[in-house]
Amino acid sequence: MNARALLFSPNFHSSACKPRNPADICTRNKASLDRNQFTVGLHLQHRFHVFRVSVWNSGERRSGKVYADVREIWKSIRESVKFEDELEDVVLSGEDTEDSVPWWEQFPKRWVIVILCFWAFLLCNMDRVNMSIAILPMSAEFNWSPTTVGLIQSSFFCGYLLTQIAGGIWADTVGGKSVLGFGVVWWSIATALTPIAAKIGLPFLLVVRAFMGVGEGVAMPAMNNILSKWVPVAERSRSLALVYSGMYLGSVTGLAFSPFLIHQFGWPSVFYSFGSLGTVWFAVWLNKAYSSPLDDPELRPQEKKLLVTKCVSKQPVKTIPWRLILSKPPVWALIVSHFCHNWGTFILLTWMPTYYHQVLKFNLTESGLFAVLPWLTMAFSANMGGWIADTLVSKGLSVTTVRKIMQTIGFLGPAFFLTQLSHVDSPAMAIICMACSQGTDAFSQSGLYSNHQDIAPRYSGVLLGLSNTAGVLAGVFGTAATGYILQHGSWDNVFEVSVGLYLVGTVIWNLFSTGEKILD
């Protein structure tokens with residue numbers, strides 16, 4: 001007799017028995033007036049598994065209704081997932097679970113993972129932007145020239161570039177939890193060591209900043225890998241938008257708190273305080289996060305079933321099929337589009353205070369204040385775009401169409417508003433154009449930034465490492481090229497190059513991208 005037949009039998013009553021043959025069930029009843037609690041033994045494959053279930057009286061019928069809060073006593077739920085078909089017979093219904101589980105346990109575990117990734121990315125950009133503020137008193141104390149300051153700022157990208165692809169390979173083969181945890185701890189230690197290295201000497205500071213880049217370089221591939229296993233496609237856009245908005249809000253937080261800490265406690269306090277926050281995050285991450293739903297022993301059965309069927313790959317990644325990956329046109333559409341996107345984004349975010357100061361004639365304080373506005377706009381727009389994209393998918397629009405729509409907005413929106421900058425005649429309108437440019441840019445989080453998981457969920461970490469390497473190179477070359485253009489031309493020329501690349505990206509994306517899985 002299987003579990004379903006036994007538990008719904010009209011003659012089912014309190015009993016105690018011992019397991020006899022494979023797949024036999026024995027129960028021990030604990031009766032009450034309106035419901036019974038049973039300890040159910042399931043004998044399968046030479047193993048005896050014991051579960052605690054509850055049976056509710058369904059009225060005149062003499063049968064019970066079992067809700068899905070089934071707790072295994074002798075074996076962990078991780079082992080029970082290995083025989084999913086047998087467990088399905090025991091977990092008969094999930095309708096009454098919400099009444100029996102506290103509200104804080106009803107919160108989906110996948111969104112706990114998303115929120116933890118959000119905080120990791122918030123810390124990531126807090127630790128990155130604090131140097132842009134602290135470098136002013138540091139250069140005054142150590143008598144650094146502008147060339148030295150530029151060398152210090154660029155040393156971060158040396159390490160950051162090194163671990164984009166390596167971080168993706170590591171995450172896809174080892175698991176996102178370990179890699180992201182390593183990254184946060186590594187860059188937090190490097191952040192805290194920055195004042196010590198600066199006082200020892202410039203070479204030590206350059207090495208520490210490069211080490212910090214190494215840690216932050218694995219963050220995006222690791223996050224992409226772990227969310228590909230935890231978040232179904234219907235929630236993908238808004239989950240990624242929330243995580244990436246952590247970067248934007250991290251920049252706002254870093255730019256807001258760094259001046260206060262420097263003024264009150266000196267510039268080393270910025271690095272010590274920001275670096276210490278990583279240890280708090282890591283303690284929570286170590287306790288709550290898992291690389292895959294299959295690894296989580298506390299995951300509720302309904303959510304585990306959803307994620308196992310919708311997200312989790314059947315086989316772990318052992319080798320990376322590089323030739324196959326690089327032979328796919330949608331992969332190259334991702335790489336080229338990421339380059340075109342980041343060229344404009346990095347230029348605006350890096351040179352924006354200079355534009356405000358030189359063209360709009362704002363003082364440095366005003367320039368720094370208005371530089372925060374685009375980050376806030378991007379955080380809002382990214383989440384709004386994520387909800388729009390997931391709503392369109394849930395209403396039946398194909399993932400390919402949704403990704404093309406969102407990324408087209410992410411390209412043509414900034415292109416349009418940048419072309420308007422040469423026609424505005426007031427600082428207020430220029431600021432609005434800048435904010436709208438970055439706001440529409442953030443729709444890319446539901447376009448190309450979500451596409452890695454669409455086309456190759458098993459290799460999403462590697463794919464993001466590949467495309468983000470191109471994106472970082474665009475930032476490095478674009479920032480340097482902007483200085484050259486301004487020396488020989490004008491801001492209009494700077495914006496024209498960005499607009500041209502946005503248009504190229506739009507064409508390539510709409511011709512070659514797809515939202516369907518192309519690599520299994």
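The chain exposes about 23200 Å² of surface, and carbon and sulfur atoms supply 64% of that area (Shrake-Rupley method, 1.4 Å probe; for residues, only the protein chains shown count as cover). The model is a predicted one, so to speak of local features takes a pLDDT of at least 70 and side-chain atom pairs count only at pLDDT 80 or more, while totals for chains, interfaces and linings use all residues. Residues are numbered from 1 along each chain as its sequence is written, and side-chain values use heavy atoms, with hydrogens and water left out.

Turning to the fold, the chain has 21 helices and five strands (DSSP runs numbered from the N terminus: H or I of at least four residues for helices, E of at least two for strands). Of the 520 residues, 53% are buried (under 20% relative accessible area; exposed is over 50% and partly exposed is in between, with a 1.4 Å probe and protein chains only). Among contacts between residues at least 6 apart in sequence, 75% join residues at least 24 apart (a contact being heavy atoms within 4.5 Å). Ser 337, in helix α15 (residues 329-358), is buried at 0% relative accessibility. Leaving aside residues up to four places away in sequence, Ser 337 touches Phe 411, Leu 448, Gly 505 and Trp 509.

Back on the surface, Ile 189, Leu 193, Ile 196, Ile 200, Phe 204 and Tyr 272 make up a nonpolar patch with about 580 Å² of accessible area together. Patch residues have over 30% relative accessible area and no salt bridge; nonpolar side chains (Val, Leu, Ile, Met, Phe, Trp, Tyr) are joined within 5 Å, like charges within 9 Å. Helix α8 (residues 176-200) gives the most to this patch, with four residues. Ile 189 sits in helix α8 and is partly exposed, at 46% relative accessibility.

Next come the rings: there are 18 aromatic pairs (Phe, Tyr and Trp rings, the six-membered one for Trp, with centres within 6.5 Å; planes under 30 degrees apart are stacked, over 60 edge-to-face, the rest tilted). Phe 157 and Tyr 160 pair edge-to-face, at 6.4 Å centre to centre and 90° between the planes. These two are three residues apart in helix α7 (residues 146-174), so about one helical turn separates them. Phe 157 is partly exposed at 23%, whereas Tyr 160 is buried at 4%.

The charged end of Arg 128 sits over the ring of Tyr 160, 5.0 Å from its centre (the rule asks for NZ of Lys or CZ of Arg within 6 Å of the ring centre and within 35 degrees of the ring normal). Arg 238 likewise lies over the face of Trp 387, at 4.4 Å.

As for salt bridges, the count is six (a side-chain nitrogen of Lys or Arg within 4 Å of a carboxyl oxygen of Asp or Glu). One of them joins Glu 235 and Arg 110, at 2.8 Å from N to O; both residues are buried. Arg 128 forms another with Glu 216, at 3.1 Å, linking helix α6 to helix α9 (residues 202-217) across 88 residues. Glu 216 is buried at 1%. Arg 236 bridges to Asp 454 at 2.5 Å. Arg 236 lies in helix α11 and Asp 454 in helix α19 (residues 448-455), so this bridge ties together parts 218 residues apart. Shared partners join Arg 236, Arg 403 and Asp 454 into one network.
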